[in-house]
Amino acid sequence: MTPEIKTINFGGINCYLVKTDTGYILIDTGFPAKRTDLGKELESAGCKPGNLKLVVITHGDHDHAGNCAYLQGKYGARIAMHADDLGMVERGDMGWNRKAKPDKMSIIFRIMGLIAPLFKPGKFETFKPDLTIGEGYALSPYGFDAQVLHLPGHSKGSIGILTTGGELFCGDLIYNFWGKPGCLYINDLADFYASVEKLKKLDIKTVYPGHGKPFPMEQFIKNNR
Ligand SMILES: [Zn+2]
């Protein structure tokens, strides 16, 4: 069975719910302030406590990890992430394992950072993930023909999920605002370019970003030769 993928969009922040033969997998979780909406979206898709088998977060930032503690508690879901972002979620410190000053921060990102508190994202609820995952981790035991790619750049522990059909969930390695895929916040440029080069060698058709609409990988490659 080809898994069904549902995009849950919270004002530019995406979570992806994957329905498999054995239950559900959620990729990223949004801010705590969107908890009620998240619950409704899960429920309408048939996802409830007991059948949410796994939550994978693409990295430790608040807008992706914000509902992990809640989902662990209420849904009994196991949370998976890369070890290189652990301190971010265990301490609620998004600067953990990052440079004091990122190599690149776009003006848009700066503005977003300034206005973000106006939207009251909610307090970071720290948690310990149930498992740490990295390059090559297979999601097939959860009924999802996909594997994990380690894609540092935005953070050290950023990961992507690539399906056998060529769909990539890229987290914040690439944003897609205003139809122009690119990265707004790069912690480490060398890591970022290495991750992009790695992606160019893979058979990727569509990219599902953490922010913005899906886009063809071809489009990103054309713009970043
Ligand atoms: Zn993000």
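1. Asp172 counts as buried, at 2% relative accessibility, where buried stands for a relative accessible area under 20%, exposed for over 50% and partly exposed for what lies in between, computed with a 1.4 Å probe on protein chains only. The model is predicted, so that local features need pLDDT of at least 70 and side-chain atom pairs count only at pLDDT 80 or more, whereas totals for chains, interfaces and linings use all residues. Residue numbers start from 1 along each chain as its sequence is written, and side-chain values rest on heavy atoms, with hydrogens and water left out.

2. Asp172 is also a ligand: the zinc ion is coordinated by Asp63 (OD), His64 (NE2), Asp172 (OD) and His211 (NE2), at 2.0 to 2.4 Å. Donors are here N, O and S atoms within 2.8 Å of the metal (3.2 Å for Na, K and Ca), and since water is not among the atoms, sites may look incomplete. Along the chain, the donors follow the spacing D-H-x107-D-x38-H. Asp63 belongs to helix α2 (residues 62-65) and Asp172 to the loop between β10 (167-171) and β11 (185-186), so the pair ties together parts that are 109 residues apart in sequence. Like Asp172, Asp63 is buried, its relative accessible area being 12%.

3. The geometry of this site deserves a careful reading, for the angles among the four donor atoms run from 85 to 167° and the site is classed as irregular. Under the criteria used, four donors count as tetrahedral if all angles lie between 85 and 135 degrees, four count as square planar and six as octahedral if opposite donors are over 155 degrees apart and all others between 65 and 115, and anything else is irregular. For reference, ideal angles are 109.5 degrees for four tetrahedral donors, and 90 or 180 degrees for six octahedral ones.

4. Helices (H or I, at least four residues) and strands (E, at least two) are DSSP runs numbered from the N terminus, and two strands pair if DSSP finds at least two bridges between them. Within this sheet β3 and β4 (residues 52-56) run parallel and are joined by four bridges, and Ile27 stands opposite Val56 in β4.

5. Helix α1 (residues 35-45) has Arg35, Leu38, Gly39 and Leu42 as its buried residues. Viewed down the helix axis, these fall within an arc of 100°, so they line one face of α1; the arc is that of the directions from the helix axis to the C-beta atoms. The face turned away from the buried side carries the exposed residues Thr36, Lys40 and Ser44. The buried residues pack against β1 (4-10), β2 (13-19), β3 (24-27) and α3 (68-75), contact meaning heavy atoms within 4.5 Å. After the helix comes Gly46, with a positive phi near 95°.

6. β10 pairs with β9 (residues 159-163) in the antiparallel sense over two bridges, Ile161 having Phe169 as its bridge partner. These two strands form a hairpin with three residues between them, and Gly166 in the turn has a positive phi of about 90°.

7. β10 pairs with β12 in the parallel sense over four bridges, and the partner of Leu168 in β12 is Val207. β12 (residues 206-209) in turn runs antiparallel to β13, joined by two bridges, with Val207 opposite Phe215.

8. Asn97, in the loop between α4 (86-91) and β6 (104-105), has a positive phi of about 60° although not a glycine, and is partly exposed at 37% relative accessible area. Trp178, in the loop between β10 and β11, likewise is not a glycine and has a positive phi of about 55°, and counts as exposed at 68% relative accessibility.
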